[in-house]
Structure formats: C-alpha cells, structure tokens
Amino acid sequence: MTPADAAIPHDLTFWGMFWAAHFVVKTVMLGLIAASLWSWAIIINKYLLYSRVEKSMDRFEETFWSGNSLEELYDTLSTRPTSGMAAVFVGGMREWKRSFSSASSAFMGLQARIEKVLDVSIARETERLESQLLVLASVASAAPFVGLFGTVWGIMTAFQAIAISKNSSLAVVAPGIAEALFATAIGLFAAIPALIFYNALQGRVARSQARMESFADEFSSILSRHMDQHVSVERGHAA
Amino acid sequence: MKFRPTEPGAYISAALHGALLLGALVSFSDTRKFEDAAEAIPVDMITESQFNEVVKGLRGAPPELAKPVVDRVAEVEESKPQPVLQEAKVDIAAPPPPMREPDPAPPEPPQAAAPPEPAPPVPTPPPRPPEPKVEPPPKPEPPKPEPPKPVAAEAITAPTPPPRPRDIAKVEPPKVEPPKVAPPKPAPPKPEIAKPAPPKVEPKVPPKPALDRAQITALLAKQKKEDEAKKPAKPPSGREATEQRKFDPNSIAKLLSKEEPGQRASTGRAVNQTASLGSPTASGQRMSPSLWGQLDGYMIDQYKRCWSYMSLGPTARFIPQIEVSFTSAGVLAREPRLRNQPSDPNLRALADSAMRAVKQCNPLRIPAQFLPYYNEWKDRILRFDPEEMSG
C-alpha cells in the first residue's frame with residue numbers, strides 16, 4: 001500500500017495500524033466501518049426521499065387548492081402509486097366514494113370513518129418516512145461505546161506486550177496505543193454524523209407529519225361540508 | 001441488492017467512504033516526526049565564593065586520602081621478586097622481598113641493593129669485607145645508631161621481616177650492628193635522645209670485632225632457618241632465577257593488555273576512589289561562628305591599639321563604617337573607603353581618626369588558621385564605635 005519506512009519498526013499508516021491490531025479490535029473496526037457505511041447510505045436515501053416527498057406535497061397542495069374538481073383529481077391520482085399528502089387524499093376520497101356508491105343510508109358514520117382512514121394513511125406515510133431512522137439513532141449512541149471497547153482491548157493487549165518485552169519506553173508503548181485509539185476514532189467517525197443527521201431528519205419527518213395532519217383536517221372539513229350539502233339536498237328532494 | 005434510482009444512498013455512501021479512506025491513507029502516510037527539540041539545561045548562577053567552596057578540596061584530609069586514585073586492583077602477576085632473584089649471587093640467600101606496604105617504588109635492583117647490603121640485615125655483615133666501609137657512617141652521625149637498638153632486641157627474640165625499603169635508607173647502617181651490639185647493651189628507652197649517643201657509639205665500634213664468630217654464625221644460621229621456614233617457596237639459588245629469565249612467550253602474552261586503551265583504568269594494590277586531598281562529597285569549609293568570633297577579636301584588638309581618638313564631650317552618635325578588603329596576608333588590597341560620610345565637621349574628625357587607624361594597622365596580623373577561609377573575610381566593613389573604644 002504505502003512504502004514501509006525501514007527506520008520505523010511499526011507501520012503507522014492506516015493500513016499498517018489496521019493489520020497490526022488484535023483480532024477483536026479488527027472486528028470492531030470493520031463493524032464500525034460497516035455501520036458508518038450503512039448510516040451514510042440511510043442519510044443520503046432519506047434526504048433524497050424527504051426532498052421528493054416535500055416537493056410532491058407542494059405540487060399536490062397547489063393542484064388541490066387550484067379549484068379543480070376533487071373527482072378529477074382523484075381520478076388522475078388513483079391510477080398511479082402515490083405518496084405523502086396525495087396518498088392521504090386518495091385514501092379519504094376512496095372511502096367517500098365507496099360510501100356514496102353503495103347504499104345511500106351509509107351517511108351515519110361516514111364522518112368518523114373518513115377521519116379514521118385519514119389517520120391511518122397519515123400514520124402509514126409517517127412510518128414510511130421514519131423507517132430506518134432508528135438505525136441512525138442506534139449507531140449514534142452505540143458506536144462510541146463499541147469503539148471504546150476496541151480501544152480498551154487494544155490497550156490491554158498493548159500493555160501485555162509491554163509487560164512481556166519489559167521495556168516501557170514511549171517508542172514501545174506508542175504504536176500499540178495508536179492502534180487502539182484508532183478504533184475509537186472510527187467509532188466517533190461513524191457516530192457523529194449519524195447523531196447529527198438523525199436529529200435533522202427527525203425534524204423533517206415531524207414537519208411533514210404536521211403538514212399532512214393539517215391537510216387531513218382541512219380535507220375532512222371539506223368532505224363534511226359536502227356531506228351536509230348532500231344531506232340538505234336530499235332532504236329538499238324528499239320535501 | 002438491486003439498484004433503485006430512488007435510493008442511491010448505499011452507493012454514494014460507499015463511494016464517499018472509499019474516497020475518504022484513500023485520502024486518509026495519503027495524509028497519514030507522511031505523518032511527520034516531531035522535531036527533535038534540544039533539551040533546556042537549567043543554569044544556576046553562583047557567586048565566586050560558592051564556586052570556591054565547591055572546588056576547594058578537603059583541608060583536614062586524613063593521610064590515607066593522599067594516596068593516588070586507583071580505580072582497579074592491579075594484576076597480581078606483576079610481582080616483584082623475580083628481578084631480585086635473577087641477579088642474586090649464588091652464595092647468598094635470597095633476601096626476602098618486601099612484604100607489606102604498597103610502595104609504588106619499583107623493587108630495588110639487586111645491584112643497587114648489594115653495595116649497601118643491608119637488605120638482608122643479619123646474614124651479610126660478618127663475612128663481608130665491605131662492612132667496615134658501611135660502619136663509619138654511624139660514627140659521624142651520633143644520634144642515628146641509637147634508635148635501632150630496640151629494634152635489634154626484637155630482631156633477636158623474634159626476627160621480623162626486613163623493613164620497608166624506604167626505611168632502610170635511614171636505618172641501614174645501624175642495623176648492621178644490632179645482633180652484635182644488642183646483647184651486651186640494654187638499649188635506652190628513648191631513641192630520640194641525641195646527646196648520650198656519641199659516647200655510646202665509640203665503645204660500640206671496638207666491641208664488634210671482639211664478638212666471637214661462633215655467636216654470629218649461630219645467629220646467622222638461626223635467622224636463615226627462620227627465613228627459609230617463612231618462605232620455602234622461594235628458590236634460594238640463582239639457577240632457577242636464570243631459568244625464570246628465559247624467554248617465555250606466554251609471559252609476554254600475559255604482559256600484553258587485552259583491554260581497549262580507553263578502558264584502562266589506573267591500577268594499584270587497593271582500590272581508592274578518593275582523589276588526593278579531596279572528597280567527592282565534601283564541599284569547602286565555612287567559618288564557624290566561633291572562628292568568626294576569634295577573627296573579630298583579633299581585629300578589634302589590633303585596631304584598638306592603632307586608634308586614638310579623643311571624644312570632645314557628648315556629640316551626635318556616629319559610627320564610621322569603613323569598607324576594607326584584605327589580601328590573604330592581611331595587607332589592605334585597596335584604599336579603604338568610608339561608607340557614611342558625616343556632614344558634621346566635628347564628626348569628620350572621628351571618621352578621619354578611624355581611617356587613620358585602618359591605615360596605621362595596615363599589615364594586619366591574621367593568624368594562619370584563618371587562611372583557608374580567606375574568601376569569607378577578604379571584604380569586611382569595620383565599624384568604629386567611640387563608646388566602645390572608651391569603654
């Protein structure tokens with residue numbers, strides 16, 4: 001990898017330190033690197049997902065409040081998979097249409113049913129957004145400890161080697177400790193971004209959820225207004 | 001894992017990690033060494049007198065400290081008797097080599113030892129013709145013959161090994177005599193008494209020829225026997241000595257040093273780490289308070305004699321302080337200086353008288369015992385108190 005310096009007995013490059021480490025420390029390092037890889041993958045995916053979801057929400061809200069007929073909107077949206085606010089809207093509309101297409105006496109619990117459906121679809125969407133964020137949380141909290149474990153183990157073996165060689169000069173002590181500290185460095189390297197991005201993503205999820213809930217409330221109020229109009233029209237017909 | 005365009009995170013993450021690892025490998029590969037910082041050496045400022053105290057040797061060193069420094073005990077092979085044996089005359093019993101005293105002087109070459117002949121004290125004298133030559137010296141020097149007598153008495157009762165070579169030089173002439181003279185004469189107790197000696201010496205010389213040969217030979221035989229008993233290992237004859245003189249390559253190898261020149265340490269009979277007249281741990285001496293008191297007493301005494309000042313009634317209290325510095329002989333090293341110049345003209349007289357006293361007493365007598373502490377008393381301030389003077 002790198003030309004080993006002949007004057008220095010220990011190769012102090014990353015590679016040299018990794019290969020010189022104890023088996024347990026090596027495992028810890030590899031695990032931590034894998035955790036870092038995974039958490040970064042999650043971070044990137046979630047960022048892309050959230051920006052997509054937020055953009056689609058903006059677009060949907062624009063079309064929703066543009067004054068077009070809800071029936072048309074539903075027709076266009078129900079044909080393809082939806083996410084976010086559109087999914088909530090599709091869920092609510094489906095329940096509404098089902099109630100109307102079937103027997104006319106289904107108005108009694110329609111309001112409650114629609115609210116339930118909206119809640120469920122919001123929960124489903126939120127769960128989709130939040131999935132894998134817990135991995136970031138666990139990496140953020142556990143990686144430093146795992147790295148510390150590797151360090152303690154490495155220092156332990158280093159001291160054992162020192163005790164055997166009966167030489168405690170700094171040149172003998174230093175490489176072992178450097179190797180051991182390398183494990184903690186990797187642990188922190190994995191944990192710090194995981195922690196920061198977990199908090200940031202969590203905030204975005206909460207914002208999206210709040211947006212969907214407010215939309216659901218507005219949508220259910222619109223539906224209930226429609227319902228009331230429908231009932232009064234029917235009563236007028238009846239009268 | 002199937003690539004989904006909506007979730008490229010895993011690939012981007014892997015690529016980022018790979019890039020980061022490469023960067024770390026590059027940046028860590030040239031971890032620079034710390035610069036070798038020169039260590040700071042603490043420096044203390046010391047005064048001249050402190051320095052003198054450090055380097056000054058031990059004044060009251062016991063005599064054994066005066067020996068040369070020896071780091072290592074010398075090899076035993078360098079024994080001295082060998083040269084003595086080689087030139088010995090065939091007839092004469094080998095003189096017992098000097099046994100004690102690590103004397104740095106080389107063994108006396110036998111040729112040098114032979115003429116005086118005293119080294120084997122007893123055996124030689126009677127048969128030797130040169131003896132009369134040796135004898136005359138005692139006559140002009142009366143006190144010398146005296147001291148050996150007690151020794152002689154001892155020599156008869158219990159023959160002692162020959163004295164050190166150093167002593168021989170002094171005592172040798174009388175020693176020739178002892179066996180003959182001692183029996184008739186009880187030695188005076190004090191060898192130091194010089195006056196009675198001359199008359200005694202005179203009678204001594206005549207009796208010697210008078211001594212019968214039988215007695216001498218008996219004594220000789222006795223001495224020889226005892227000598228032989230004492231050191232039977234020594235080859236008495238010159239033949240073996242010549243054998244020993246033969247060229248022996250082994251002995252050359254023995255003589256050659258196998259050490260590196262730098263490793264060679266000074267050698268001697270006994271290890272002596274102490275440098276002569278000094279000690280690795282001791283520092284210079286300081287004057288004790290009582291010594292200070294003595295010195296002050298001496299100085300006050302002398303200055304009192306030199307100082308004459310008539311006080312004209314009660315004046316303002318003024319004590320002239322004069323700064324002086326002495327040489328080690330007690331002479332003023334430079335002009336004395338009045339530290340507190342008085343403004344009152346009346347007092348100026350007092351100050352002047354003090355200055356006069358200092359100059360009058362100029363070669364101050366300072367006892368030799370204070371010489372080692374010269375550094376401590378070389379600069380002094382003398383205070384001339386008129387009240388003390390009158391009192």
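I started at Leu32(A), which touches Ala143(A), Val146(A), Gly147(A), Ile186(A), Gly187(A) and Ala190(A), leaving out residues up to four places away in sequence. I count a contact when C-beta atoms, placed from the backbone, lie within 7 Å.

This is a predicted model: local features need pLDDT of at least 70, side-chain atom pairs count only at pLDDT 80 or more, and totals for chains, interfaces and linings use all residues. Residues are numbered from 1 along each chain as its sequence is written, with chains lettered from A and ligands numbered from 1 in written order.

Next I looked up the cores. The largest nonpolar core has 32 residues. Leu32(A) and Ala143(A) are among those with the most contacts inside it. I take a core as buried Ala, Val, Leu, Ile, Met, Phe, Trp, Tyr and Cys residues joined through C-beta atoms within 7 Å. Buried means 20 or more other C-beta atoms within 10 Å of a residue's own, the C-beta atoms being placed from the backbone. H1, H2, helix H6 (133-165) and helix H7 (170-238) of chain A each give two or more residues to this core. A second, separate core of 17 residues includes Trp96(A) and Leu223(A).

Then I turned to strand E3 (residues 321-325) of chain B. Ile322(B) and Val324(B) point to one face and are buried. E3(B) pairs antiparallel with strand E5 (residues 379-383) of chain B over five bridges; I call strands paired if DSSP finds at least two bridges. Helices (H or I, at least four residues) and strands (E, at least two) are DSSP runs, numbered from the N terminus. Ile322(B) has Leu382(B) as its bridge partner in E5(B) and Leu338(B) in E4(B).

Methods
Buried ≥ 20, exposed ≤ 12 C-beta atoms within 10 Å, placed from the backbone. Contact = placed C-beta atoms within 7 Å.
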